[in-house]
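Here is a short briefing on one protein model. Please keep the sequence and the structure in view while reading.

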Amino acid sequence: MVLVLVSLLWLQLSCSGDMSATHGERCMPQQPAPPCPASGQASVVDDPSWGPHKLAIVVPFRERFEELLVFVPFIHTFLNKKKIRHKILIINQVDHYRFNRASLINVGYLESGNDTDYLAMHDVDLLPLNDALDYGFPEEGPFHVASPELHPLYHYKTYVGGILLLTKKHYHMCNGMSNRFWGWGREDDEFYRRLRKAELQLFRPSGITTGYKTFLHVHDPAWRKRDQKRVAAQKQEQFKVDPEGGLTNIHYEVESRQELTISGAPCTIINTKLECDQNQTPWCLLG
């Protein structure tokens, strides 16, 4: 926890005020990512005249502070330009288990508050570059912003990761995401089956002409390797549908909340300890 607090303090100090003009390389080493905003502060706006809906940007997170420095002011400015009311929730996993993206998104849904009515399951390393992308209220059904024909890496037709918008009602209809996926990958594929089971129609962008240049993917696999380990039991389970798990069986503790401002953009860090039933998913301890 001391390391987490020190890192968060460094994050707040290094991307605020006058320092934002001098640390571009530190924000994203070895990456052609946009620098942290240096030309003025991002405006803090939550204008009710923009509409009745408010978006919770739910970001599953662990130790990727350099990417966070870029993401928060970038997405805040992007959504303000589109007049999308929003708040940014960084669900920071601080336990000793392997990273569990799906469980952290479940936590984000449960901790997002009554002032929001839809959410974006949003990767911290994916930045929208086309202003025509829609982040509005997905009333008719889940809206996959980072669709396969636009995502720079993942192009299979059942892909629903990266950036997915859902109303809270629709997320609840799916019972959230499965908590069985410790380590990297597969949780999105299982969630696609949940969308089908709930009979929800999936929508995707149309009329976007920027192709695979629609997003900037700032993850550097050489610098930050993904946890892709699989033991035998996990390999057997990873392609199964979880019929019961999700919002109904997640166990976690919010250790603390911290309100931060990064280059004028506000966000909330929710430091979260997940619990693992090692009889059900012993692979949570790998790595």
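Strand β1, helix α3 (residues 65-81) and strand β2 form a β-α-β unit of right-handed sense. Right-handed here means that, with the strands pointing away from the viewer, the path from the first strand over the helix to the second runs clockwise. Helices (H or I, at least four residues) and strands (E, at least two) are DSSP runs, numbered from the N terminus. This is a predicted model, in which local features need pLDDT of at least 70, side-chain atom pairs count only at pLDDT 80 or more, and totals for chains, interfaces and linings use all residues. Residues are numbered from 1 along each chain as its sequence is written, and side-chain values use heavy atoms, with hydrogens and water left out.

**Whole chain**

- The protein chain holds 7 helices and 9 strands.
- Of its 287 residues, 54% are buried. Buried means under 20% relative accessible area, exposed over 50%, and partly exposed in between (1.4 Å probe, protein chains only).
- The accessible surface of the protein chain is about 13400 Å², with 52% belonging to carbon and sulfur atoms. Such areas come from the Shrake-Rupley method with a 1.4 Å probe; for residues, only the protein chains shown count as cover.
- Among contacts in the protein chain with a separation of 6 or more, 79% join residues 24 or more positions apart. Contact means heavy atoms within 4.5 Å.

**Strand β1**

- All 7 of the 7 residues of β1 (residues 55-61) are buried, so the rest of the structure largely encloses this strand.
- In a regular strand the side chains alternate between the two faces of the sheet.
- Both faces of β1 are covered, with L55, I57, V59 and F61 buried on one side and A56, V58 and P60 buried on the other.
- β1 pairs with β2 (residues 86-93) in the parallel sense over 7 bridges. Pairing requires at least two DSSP bridges between two strands.
- Within β2, I88 stands opposite I57.
- β1 also pairs with strand β3 (residues 118-122), in the parallel sense over 4 bridges. There, A56 stands opposite L119.

**The sheet**

- The open sheet has 7 strands in the order β5-β6-β3-β1-β2-β9-β8, and its pairing is mixed.
- β5 (143-144) and β8 (252-262) stand at the edges with a single partner strand each, so one side of each lacks a neighbour in the sheet.
- β5 and β6 (residues 163-167) pair in the antiparallel sense over 2 bridges. H144 has L164 in β6 as its bridge partner.

- α3 has 17 residues and reaches 25 Å from first C-alpha to last, close to the 24 Å expected at 1.5 Å a residue. The expected span is 1.5 Å times one less than the number of residues.
- α3 is mostly covered, with 14 of its 17 residues buried.
- K83 follows α3 and has a positive phi, near 60°.
- Helix α4 (residues 101-110) lies across β1, β2, β3, β8 and β9 (265-274), at about 150° to β1. Axes are lines fitted to C-alpha atoms, for helices over the stretch in contact, and angles run from 0 to 180 degrees between N-to-C directions.

- C284 sits in the segment after β9. Its relative accessible area is 0%, so C284 is buried.
- C284 and R98 lie 186 residues apart in sequence and 5.4 Å apart in space, C-alpha to C-alpha.
- H170 lies in helix α5 (residues 168-173). H170 is buried, with a relative accessible area of 9%.
- Leaving aside residues up to four places away in sequence, H170 touches P138, E139, E140, G141, P142 and L200.
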